[in-house]
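Dear colleague,

I am handing over the structure that we spoke about, and below it you will find what was found when it was examined. Please look at it first and then read on.

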Amino acid sequence: MTETAIVAIALSALAMTVIVAVRYLLTSGGFALATRSVRPGLYSGLDSQIGKEIRWSLLSAAIYGIPAGIVAWGWQERGWTQIYTDPAAMPLWWMPVSLLVYLFAHDTWFYWTHRWMHWPRPFRIAHAVHHASRPPTAWAAMAFHPIEAITGAVVIPALVFLVPIHVGVLGAVLAIMTIMGVTNHMGWEIFPRALVHSRLGNMLITASHHQVHHEKYRCNYGLYFRFWDRLCGTDAGLAKPGWDGR
């Protein structure tokens, strides 16, 4: 590999790190402002905790950004990945299907690595950083120890080498990942009660479900869907009515 290519890869990794960091600050910051408006005082007294959440999250941004930058360079310069830009390159029905494939694959990886993170040694070494947020806030979505950040940073870059995806659909996957990661940690339910308790809502993970994980630890490990929790007997249901001040 030439020196020019190495510099280009480094610049791509730096650019992706900045993009991930800014995306985090804007998304978490936006939902934190919404919390101040909708649930005034919910984060009172948590300034020190929020500061730690932001510092850990910005470190995670670099860990997520580096492999993303390498993959982005490889896609554009060497055609390494299965990312495509021409909608006609695959049947149109593949776009929504690929979205679900990516979300389910990511959810599967997250569920099993998350369960592993709750084994005593990995929890003590790494995952305890995330659970130090008591209660979690909108800033806690990426507050990970570097070991945990690495487990989360590799899955999407690996998938783009294996599963074809349109660049726009990939953007949708990243947007859903970001929004669900933040809203699941806000400390209140942003989605309407009618949706959360509907047939569709019973398949999805929102703050009402993930809050129970932060309260009880040994349950509700999923990221997007309740499939693996239900299949493996780790679904403890939703938080009790009124948990979020409604």
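Helix 3 and helix 4 pack at an angle of about 110°, with their axes 8 Å apart; helices here are DSSP runs (H or I, at least four residues) numbered from the N terminus, and axes are lines fitted to C-alpha atoms over the stretch in contact, with angles running from 0 to 180 degrees between N-to-C directions. The two helices are therefore roughly perpendicular to each other, a term that covers 65 to 115 degrees. Their contact (heavy atoms within 4.5 Å) is made by His-114, Trp-116 and Met-117 of helix 3 together with Pro-122, Phe-123, Ala-126 and His-127 of helix 4.

This is a predicted model, in which local features need pLDDT of at least 70 and side-chain atom pairs count only at pLDDT 80 or more, while totals for chains, interfaces and linings use all residues. Residues are numbered from 1 along each chain as its sequence is written, and side-chain values use heavy atoms, leaving out hydrogens and water.

A search of the whole structure finds 1 cavity of 30 Å³ or more, where a cavity is a set of points, on a 1 Å grid over the protein atoms alone, at which a 1.4 Å probe fits but cannot get out.

Methods:
On a 1 Å grid over the protein atoms alone, a cavity is a set of points where a 1.4 Å probe fits but cannot get out, and a pocket is an open set with protein on both sides within 12 Å along at least five of seven lines; lining residues have an atom within 4 Å of a point. Grid points are joined across faces, edges and corners, and a volume is the space filled by probe spheres set on the points. Angles under 35 degrees count as roughly parallel, over 145 as roughly antiparallel, 65 to 115 as roughly perpendicular and the rest as oblique.
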